Amino acid sequence: MLGFLGAGAMGSAILRGVLSAKAATAAEIRFTRVNDTAATALSAELGVQRAATNTALVSELGKAGIVILGVKPYLVHEILSEIAPAAAKNGTVIVSVAAGISLEKLSAALPANQPIVRAMPNVASAIGKGMTALCANDFVTAAQFAKIQEVFAAVGAVSVIAEKDFPAFSAIAGCSPAWTFAYIDALSRAALAAGMTKAESVRVAAQAVAGAAQLAFASLPEIRPQALIDTVTSPGGTTVAGLIEMEQAGFSNAVINGVRAAIARDAQLG
């Protein structure tokens, strides 16, 4: 069985994806949420049962249940201490989506030999287009890890990576949607200045970025993004003129420095 301990924006997005993909049935799922109104609405909408407490949720999942811990990082230690006895008794797999909290820190708050997975989904999971990184400790079985991959595949793509790479992943997958929104907004403002309406310029820019991303994804691994640039740029054309101007303004360096800054901040928060 599958539990969502904290079914807020991210947790409920994953829950909906799981049900839509039929990775689990409503009867196999339990959730908790502090907000009574939101919890009642979610239960009514999806037919999923709300557990009375966090400990009750772990107990109701039974042996080898999977719990997705979707609370704020500052609450993780408190919640883990609360559910630790029940989790140890049932061999519950704890899946944390809290940023910056390592497997080592999670293990320190739980009994020895507890199976733990660290997951990092991004905001696009809300529309089934997410990108999630996963890594597990040595006590997670192959079958359990396969099931967890299935859960997150219901809301997008999944990458199994070494934990040391989580800060870089967080920067290019977790932070980058905000940077991409900024890029779309900048494109639309430039078009607005050239006479297009704001609404139309945002729609066009967003679709162009989405299409370019899908083309890059579909072309891998044979064709890299750098080669795709050449397919769009004509000698002496408008595209190369714009590229040169953006590079002179520090476009690539700004992106690389943004990634570095995000990784450095992740280390500070960790």
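**Entry 1: overall make-up**

I began with the secondary structure, which comes to 11 helices and eight strands. I took helices (H or I, at least four residues) and strands (E, at least two) as DSSP runs, numbered from the N terminus. The model is predicted, and local features need pLDDT of at least 70, side-chain atom pairs count only at pLDDT 80 or more, and totals for chains, interfaces and linings use all residues. Residues are numbered from 1 along each chain as its sequence is written, and side-chain values use heavy atoms, with hydrogens and water left out.

I then looked up the overall dimensions: along the principal axes, the C-alpha atoms fill a box of roughly 70 × 40 × 35 Å. The accessible surface comes to about 14500 Å², by the Shrake-Rupley method with a 1.4 Å probe, where for residues only the protein chains shown count as cover. Carbon and sulfur atoms hold 62% of that surface.

Of the 270 residues, 38% count as buried. I use buried for under 20% relative accessible area, exposed for over 50%, and partly exposed for what lies in between (1.4 Å probe, protein chains only).

For contacts I count heavy atoms within 4.5 Å. Among contacts with a separation of 6 or more, 61% join residues 24 or more positions apart.

I also noted the charges: 19 side chains are positive and 18 are negative, and the centres of the two sets lie 4 Å apart. Lys and Arg count as positive and Asp and Glu as negative, while His and the chain ends are not counted. Each charge is placed at NZ of Lys, CZ of Arg, CG of Asp or CD of Glu.

**Entry 2: helix 2**

Which residues of helix 2 are buried? In this helix, residues 36-46, I found Ala39, Leu42 and Leu46 buried. Seen down the helix axis, the buried residues fall within an arc of 65 degrees, so they line one face of helix 2. The arc is that of the directions from the helix axis to the C-beta atoms. An α-helix has 3.6 residues a turn, so residues three or four places apart point the same way.

The buried residues of helix 2 pack against helix 1 (9-20), strand 2 (29-32) and strand 3 (49-50). On the other side of the helix, Thr37, Thr40 and Ala44 are exposed.

I next examined the two ends. Asparagine 35 caps the N-terminal end of helix 2, with a side-chain oxygen 3.0 Å from the backbone nitrogen of threonine 37. Just after the helix, glycine 47 takes a positive phi of about 70 degrees.

From helix 1 I looked up serine 12. Serine 12 is buried at 7% relative accessibility. Apart from neighbours within four places in sequence, serine 12 is in contact with Ala7 and Leu42.

Is isoleucine 116 buried or exposed? This residue of strand 6 is buried, with a relative accessible area of 1%. Not counting residues up to four places away in sequence, isoleucine 116 touches Ile94, Leu103, Leu106, Ser107, Leu110, Cys135, Ala136, Asn137 and Val140. Its C-alpha atom is 6.6 Å from that of valine 140, which is 24 residues apart along the chain.

I turned to asparagine 137, in the loop between strand 7 (130-136) and helix 6 (142-153). Asparagine 137 is buried too, at a relative accessible area of 14%. Beyond its neighbours within four places in sequence, asparagine 137 is in contact with Leu103, Ser107, Gln114, Pro115 and Ile116.

**Entry 3: backbone details in loops**

Where does the cis proline 221 lie? I found proline 221 in the loop between helix 8 (198-219) and helix 9 (225-232). The peptide bond to it from leucine 220 is cis, with omega near 0 degrees.

Alanine 64 has a positive phi of about 60 degrees, although it is not a glycine. Alanine 64 is in the loop between helix 3 (54-61) and strand 4 (66-69), and is partly exposed, with a relative accessible area of 39%.

Asparagine 113, also not a glycine, has a positive phi of about 70 degrees. Asparagine 113 lies in the loop between helix 5 (103-108) and strand 6 (116-120), and counts as exposed at 54% relative accessibility.

**Entry 4: glycine 258**

Lastly I looked up glycine 258, in helix 11 (residues 251-269). Glycine 258 counts as partly exposed at 23% relative accessibility. Glycine 258 and cysteine 175 are 83 residues apart in sequence, and 9.4 Å apart in space, C-alpha to C-alpha.

Definitions and conventions
Polar contact = N/O pair within 3.5 Å; in protein donor to acceptor, adjacent residues only side chain to side chain.
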